[in-house]
Amino acid sequence: MNSKIRVFSGLRPTGRMHLGNYLGAIMNWVKMQETHDCIYSVVDYHAITTPFKPEELRRDTRDMLVDLLATGLDPEKCALVVQSELPQHTELAWILGSITPLGWLERVPTYKEKASMHPDYLNLGLLSYPVLMASDILVYRAEAVPVGEDQLPHLELTREIVRRFNHWFGDTFPEPEAIMKKETARIMSLKEPEKKMSKSLGEDSYIGIGDDPETIHAKIKRAVTDMGPDSTAMGPGVANLFNLLQIFGQEADYLTLYEDYETGSLRYVDLKTVTADAIIEGLRPIREKRKEIKSNPEILENALQLGHEKASAMATKTLSRVKERIGVGRDVNI
Ligand code: TYM
């Protein structure tokens with residue numbers, strides 16, 4: 001009997017992994033595989049709710065999987081899966097969708113955001129996105145979900161769905177909790193530091209974990225270092241750079257530069273150079289591991305096969321329990 005707490009989390013394969021993903025979520029994924037029973041997924045069905053190109057989607061899915069292994073996910077310690085390869089996710093989503101009131105979905109902030117970004121691409125998938133997400137988590141009956149802050153409304157909706165399901169059909173699912181670390185829950189864009197780092201804000205707004213050292217230097221050099229709302233408060237761009245330095249750099253460098261900031265003698269160019277160097281150094285092991293995985297494709301194939309076997313057994317068990325609870329399927333006793 002496995003007594004470890006079950007964990008699930010997912011990542012959309014839209015382009016390559018960036019520092020927001022890595023610091024906000026994936027670092028916790030890697031840590032939790034040591035102590036928890038973890039299933040992690042590249043959620044390709046979520047990626048088709050906004051405009052996409054089939055050949056890019058398939059390539060991005062593979063790249064994301066390689067990135068995940070390169071960051072330290074160990075197929076012996078966690079199950080790594082591709083969402084579309086486990087039909088149980090979408091099957092449960094249909095069931096959960098049938099007990100989720102439309103009003104709950106229409107209130108979700110990311111739906112409103114994405115609907116305004118792609119007004120010509122409004123579809124049912126986009127509206128029911130959080131139901132599929134709830135299903136990803138609940139099909140494994142996961143209790144903990146390591147994510148960045150932007151996913152909290154989705155998690156809250158998942159909990160509401162759980163309460164309704166359990167109330168109507170009997171105790172079936174645990175209410176999952178978000179796992180976050182305050183300093184990394186929301187990494188900001190380099191170009192618009194009042195918004196979260198994301199690929200949709202353009203190349204210069206994020207650092208990809210696969211970016212080469214020159215690109216990282218160039219992007220950090222172009223990062224906005226604006227003044228705060230008043231001259232006594234630290235601007236969000238500067239705060240973001242300090243945050244990155246604190247995460248990746250030496251404590252002594254951070255303290256020295258912070259003191260310079262407080263005494264008014266900080267040169268932003270120094271902050272940027274030291275921060276860029278620290279990030280480059282911090283990402284070096286990931287860059288090296290990725291090269292190794294790319295030249296040995298069987299590493300990924302084996303990881304996925306192992307992950308699929310583990311995850312599929314769990315998901316099938318949940319679905320048969322759920323179907324029994326809601327009364328679908330034939331009554332075999334007649
Ligand atoms: P996605 O693919 O947008 O992001 C993957 C993870 O990265 C985190 N993240 C950030 N954290 C801090 N600062 C940022 N700037 C930043 N940008 C992204 C996200 O919070 C997320 O944890 N809906 C999810 C995918 C998903 C999922 C799930 C997650 C599908 N099913 C089930 C958890 C459980 C999404 O779009 O994440």
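**The ligand and the domain interface**

Author: An oxygen atom of the ligand is placed 2.7 Å from an N or O atom in the side chain of R12, a polar contact in the sense used here, namely a pair of N or O atoms within 3.5 Å, where within protein one must be able to donate a hydrogen and the other to accept it, and residues adjacent in sequence count only if both atoms are side-chain atoms. This is a predicted model, in which local features need pLDDT of at least 70 and side-chain atom pairs count only at pLDDT 80 or more, while totals for chains, interfaces and linings use all residues. Residues are numbered from 1 along each chain as its sequence is written, and side-chain values use heavy atoms, with hydrogens and water left out.

On the side chain of D136, an N or O atom lies 2.7 Å from a nitrogen atom of the ligand, whereas at G20 a polar backbone atom is 3.2 Å from a ligand nitrogen.

Turning to the domains, the assignment gives domain 1 (6-185 + 297-326) and domain 2 (199-291), with bounds that come from an automatic or database domain assignment. Their C-alpha centres lie 30 Å apart, and 18 residues of domain 1 are in contact with 15 residues of domain 2, contact meaning heavy atoms within 4.5 Å. Between them the two domains bury about 1,300 Å², 68% of it on carbon and sulfur atoms, where buried area is the accessible area (1.4 Å probe) that two parts lose on being put together, summed over both. Of the area that domain 1 buries against domain 2, H18, L19 and A70 supply 38%, more than any other three residues.

Across this interface the rule finds one salt bridge, a term that requires a side-chain nitrogen of Lys or Arg within 4 Å of a carboxyl oxygen of Asp or Glu. The side chains of R290 and D67 meet in a salt bridge, with N to O at 2.7 Å.
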